[in-house]
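Student: Here is a model I would like to go through with you. Can we take it piece by piece?

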Amino acid sequence: MVRILFALFVGLGSLLSSVQAQTLLVLGDSLSAGYQMQEKQSWPALLEQKWQNEGGEHTLINASVSGETSQGGLARLPALLEQHQPDWLLIELGGNDGLRGFAPAITRQNLASMIALAKEKQIQVALTQIQLPRNYGARYLRQFEQIFPELAEANKLPLLPFFMDDIALRPELMMNDGIHPTPAAQPQIRDKVARFMEPLMNR
C-alpha cells in the first residue's frame, strides 16, 4: 500500500511539473533579434538561459528577425505555430511599420490577424506596447501607439509596457543610431520581460 501511494505521489508530481512547463514563442523585430550582437547576448537568449538555470520548466523560442514588419510577421506566423506549437505567443512587432510611416490601420489589422491565428490554435497571446521617436508628429504617434492598448483590451490580452521606455533615455545603453539597445541593456530587458511573463506562465 505504501509503495502504491508513493508511486501515485511521484506520478502526480511529474504531472504537475509537466503542466507547469510552458513554451513561449517571441515574434519580434531587431529589438528582440539581438541586432548587431551575438545571439547569446540578446534578451530572449538570456531569458531562456535564466529559465534553464532555474530548472528548465519553461522554454523560449526566439523567432524575431531584424527589420521585420507586422506584415512579415503575419506571413511567417502560421508555419511557426505549426512547427513549435507554443503555449504562449509574445508579439513584439509594429516598430518598423511606424518607422516607415505605414498607415496605422494596416498595422492594426496585421496584429489582429496574428492574434486571431494564435487564438484559433488555443495559444495564449501577450502583446508588447511599441513607441516611436517623438519626431513623427503628434497625430501619427497617437494613432499608432493607441493600437496596442486597444487591441489588448478588445482581445483581453496582457500588454507588456514598452521595454525600451527608460533604456532609450540612457545613451550608454543605446547604439549610435539611437534606436537599438546595446548588449549592456539586454539583461534589463530580460528582467522586464521575465517580471511580466513569468506570473502569466506560472498560473
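Student: How many of the five residues of strand β4 are buried?

Tutor: This is a predicted model, and strand β4 covers residues 124-128. A residue counts as buried under 20% relative accessible area. The strand is largely enclosed by the rest of the structure, because the number of its five residues that are buried is four.

Student: Which residue of β4 stands opposite L89?

Tutor: Strand β3, residues 88-92, pairs with β4 in the parallel sense. That pairing runs over four bridges. The residue in β4 opposite L89 is V125.

Student: And which residue of β5 stands opposite L127?

Tutor: Strand β5 consists of residues 159-160. β4 and β5 pair in the parallel sense, over two bridges. Opposite L127, the residue in β5 is L159.

Student: What is the handedness of the crossing of α6 and α8?

Tutor: Helix α6 is residues 104-120 and helix α8 is residues 147-155. Their axes come within 11 Å and cross at roughly 30 degrees. The crossing is right-handed.

Student: How many charged residues are in the contact of α6 with α8?

Tutor: On the α6 side the contact is made by P104, T107, R108, L111, A112, I115 and K119. On the α8 side it is made by I147, F148, E150, L151 and N155. By class there are seven nonpolar residues and two polar ones, and the number of charged residues is three.

Student: Is A63 buried or exposed?

Tutor: A63 lies in the loop between β2 (58-62) and α4 (70-84). Beyond its neighbours within four places in sequence, A63 is in contact with L25, V26, L27, R76 and L80. Its relative accessibility is 8%, so A63 counts as buried.

Student: How far apart in space are A63 and L25, C-alpha to C-alpha?

Tutor: A63 and L25 are in contact. In sequence they are 38 residues apart. In space, C-alpha to C-alpha, they are separated by 6.9 Å.

Technical notes:
Residues are numbered from 1 along each chain as its sequence is written. This is a predicted model: local features need pLDDT of at least 70, side-chain atom pairs count only at pLDDT 80 or more; totals for chains, interfaces and linings use all residues. Side-chain values use heavy atoms; hydrogens and water are left out. Axes are lines fitted to C-alpha atoms, for helices over the stretch in contact, and angles run from 0 to 180 degrees between N-to-C directions. A crossing is left-handed if the near helix is turned anticlockwise from the far one by less than a right angle, and right-handed if clockwise. Contact means heavy atoms within 4.5 Å. Ala, Val, Leu, Ile, Met, Phe, Trp, Tyr, Cys and Pro count as nonpolar, Asp, Glu, Lys and Arg as charged, and the others, Gly among them, as polar. Buried means under 20% relative accessible area, exposed over 50%, partly exposed in between (1.4 Å probe, protein chains only). Two strands pair if DSSP finds at least two bridges between them.
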